[in-house]
Amino acid sequence: MKKKVFKLDFYGREIIVEHGELAKQATGSVLVRYNDTVVLTAAVMSKTANLLSDFFPLTVNYQEKLYSVGKIPGGFIKREGRPTDNATLAARMIDRPMRPLFPEGFKNEVQIINTVLSVDQDCSPELTAMLGSSLAVSISSIPFNGPIAGVKVGYVDGKFIINPTPEELDKSLIDLTVAGTKDAINMVESSAKEIDEETMLKALMFGHKAIKKLIKFQEEIIADIGEEKIEYEKLEIADSLREEVENLVTTKMDKALRIKDKLKKYAAIDELKEATVDKYVKENEETLKDDELKELVVKINLILSDIEYKLFRRIVVKEKKRADGRKMDEIRPLSTDIDLLPRAHGSALFTRGETQSLSVTTLGALGEHQILDGLSLEDQKRFMLHYNFPQFSVGEVGRYGAPGRREIGHGALGEKALAQVIPSEDEFPYTIRVVSEILESNGSSSQASICAGCMSLMAAGVPIKAPVAGIAMGLITDGDDYTILTDIQGMEDHLGDMDFKVAGTKEGICALQMDIKIKGITEEILGKALAQAKKARLEILKVITKQIKEPRKEVSKYAPKTMIFTIDPAKIKDVIGRGGETITKIICEASNVTEVNNINAVKVDLEDDGRVIIYHTDQEVIDKTAQMIKDITKEVEVGEIYEAKVVKIEDFGCFVELWPGCEGLVHISQLARERVGKVSDVVSVGDEILVKAMGLDKKGRQNFSRKDALPKNRD
């Protein structure tokens, strides 16, 4: 296969696509260079399909190789292990715009593997991988209704920027990732510094304009080297069977869909589906083989799901009714509570209908920040939001283990929203962790996590800049008609066309996420959804601020108190001591413990700029620790008189200690006004004497004089 190279100047940076040299046995593969960022994408399709599967088996992986940024992996095992959160989020970001564009009924397994080989921090490897994923599938024989592409949009000094550099993002009021086809947007992920809806909509459309350039570039490549798509096998359902099942269950399904209570509704639908399947199994079990019977069951379930889907859309779009009786822009009943957990630093409960989040805030020392071993310039973070979704929250049994992609994604969205109002390290020198435990779920649990998390932060005394609330919007289409829903439930998400989450303060948007199941949505729909979301957000903020108006002025008595002061950076080594001996002694003595890992030990962070940050629940321990450190770093002023303790006697003089870590020599000639024949005739070890600081000798040692410190009238 001959190597082919395609080039595009994209907003001042070069994109190069290479094909035909690497990974040639994959169904489709490309190497994409975005300046010095290099990503190899390989797409593979299974030769057979499981037509009886109830889902499309697509896997998107984003593999970070630390050699791409010149790093060796940390830890004992010096190789890449499980994906980082960033890698998981990148894989999700690529999956979300691509998945809706694989044709319905296509069941061959597809894997898209992105391997990051080189990273130029100014050229996003995640977006490079998205372009590669779209191209690898589009030029292959894999059926796909793409291509798609994605860009980042920044907003600096009133101007939008495509694919901003890290330096530009630091100044930007928006960090927006938008993806879609040439016709419409179909995926959004954003954080923002309280941006108004009009500006955010302009940013979305600005991003889509850039996406069209990448789509055009891909179409040129596909026209040149693209393969013919395979004719894939589909599960065929006879019209007669479909009509028969529809006549049997449509009225009953319509009735079940109108039940307001979630569990009762789901139980009625499940009961109807099971009864229908059982009917057909009993009628055909004697005449059909096992495989034929399994296929019939799959077909019946597909017909039932299709009936449910169509009826639900008709009820919402045509009748303008929601299953629980709400108006299209109405929020479910809200309730809030705080301080549920007496020993936690901050806790809050937020309930919206049948969705409930218990969020807990914990404050720790800055040294407890999360260390990031990834490809980005960021190597640590001091604010984290973790999201947990136990199966009991939806009344089901299931496996429990490490967080999955969904939990990581929902946690990251909540973290983006609340990070915009978290105080700086200088304002609030703590590491902050919020954990959202979902106790009930019927849609929009990630936004409930933001609301509960905001209240728990305020209850913990974190001086956030403003309260934040989140709401999930939905979209139901039926032909050219559509309806936008506020505060979607689980069924409205599952059977709907859009999940559009918006979080922010009363001033503007802090985070945005959109996933859709159709090919894309228009600017008109986006604008209406944003406006409707703002109305809902302001309603929720009123409820939150009624429960807790502002952050508490003091942190919990169980949270560590803090003290900050500055020392000469050159003195840090003196505080630490040889092998950490001095700081260990300080911590143990001040805390009255035997080892620094004791839970009651004071925590001390020594920053490179000379800042000393001390944490403990007991203010007396903090004060004692601070004084011990200040004693070590205190400077001796020439000419000043100090009280000193004799610690050692030599023939030529005695050594005295002014404070721990500060010693010097009183030469025999400086012990008294009269001549001294023997040092021990004047002082003994342990004596407290007054000395005057005389400065440093040639060896850098402190010299003191007892003679000059004696009262003038002394004989």
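**A guided tour of the predicted model**

Begin by selecting phenylalanine 652, which is partly exposed at a relative accessible area of 39% (buried means under 20%, exposed over 50% and partly exposed in between, with a 1.4 Å probe and protein chains only). The structure on display is a predicted model, in which local features need pLDDT of at least 70 and side-chain atom pairs count only at pLDDT 80 or more, while totals for chains, interfaces and linings use all residues. Residues are numbered from 1 along each chain as its sequence is written, and side-chain values use heavy atoms, with hydrogens and water left out.

**Aromatic rings**

Rings of Phe, Tyr and Trp (its six-membered ring) pair if their centres lie within 6.5 Å; planes under 30 degrees apart count as stacked, over 60 as edge-to-face and the rest as tilted. By this rule there are 12 aromatic pairs. One of them joins phenylalanine 652 to phenylalanine 655 in an edge-to-face arrangement, with 6.2 Å from centre to centre and 90° between the planes. Next, select Phe56, Phe102, Phe106, Phe144 and Tyr232, which form one aromatic cluster.

**Charges over rings**

A charge sits over a ring if NZ of Lys or CZ of Arg is within 6 Å of the ring centre and within 35 degrees of the ring normal. Display arginine 406: its charged end sits over the ring of phenylalanine 389, 4.4 Å from the centre. Then move to lysine 630, which lies over the face of phenylalanine 565 at 4.8 Å from the ring centre.

**A buried loop residue**

Threonine 181 is in the loop between strand E9 (174–180) and strand E10 (185–195); helices (H or I, at least four residues) and strands (E, at least two) are DSSP runs, numbered from the N terminus. Is threonine 181 buried or exposed? With 9% relative accessibility, threonine 181 counts as buried. Leaving aside residues up to four places away in sequence, threonine 181 touches Leu101, Pro147, Ile148, His208, Ile211, Ile215 and Lys519 (contact means heavy atoms within 4.5 Å).

**Helix H13**

Select residues 581–591, helix H13, where the buried residues include Ile583, Ile586 and Ile587. The buried residues of H13 pack against helix H12 (572–576), strand E23 (603–606) and helix H14 (619–633).

**The whole chain**

Finally, show the entire chain, which contains 14 helices and 29 strands. Its C-alpha trace spans about 125 × 65 × 55 Å along the principal axes. Of the 715 residues, 52% are buried.
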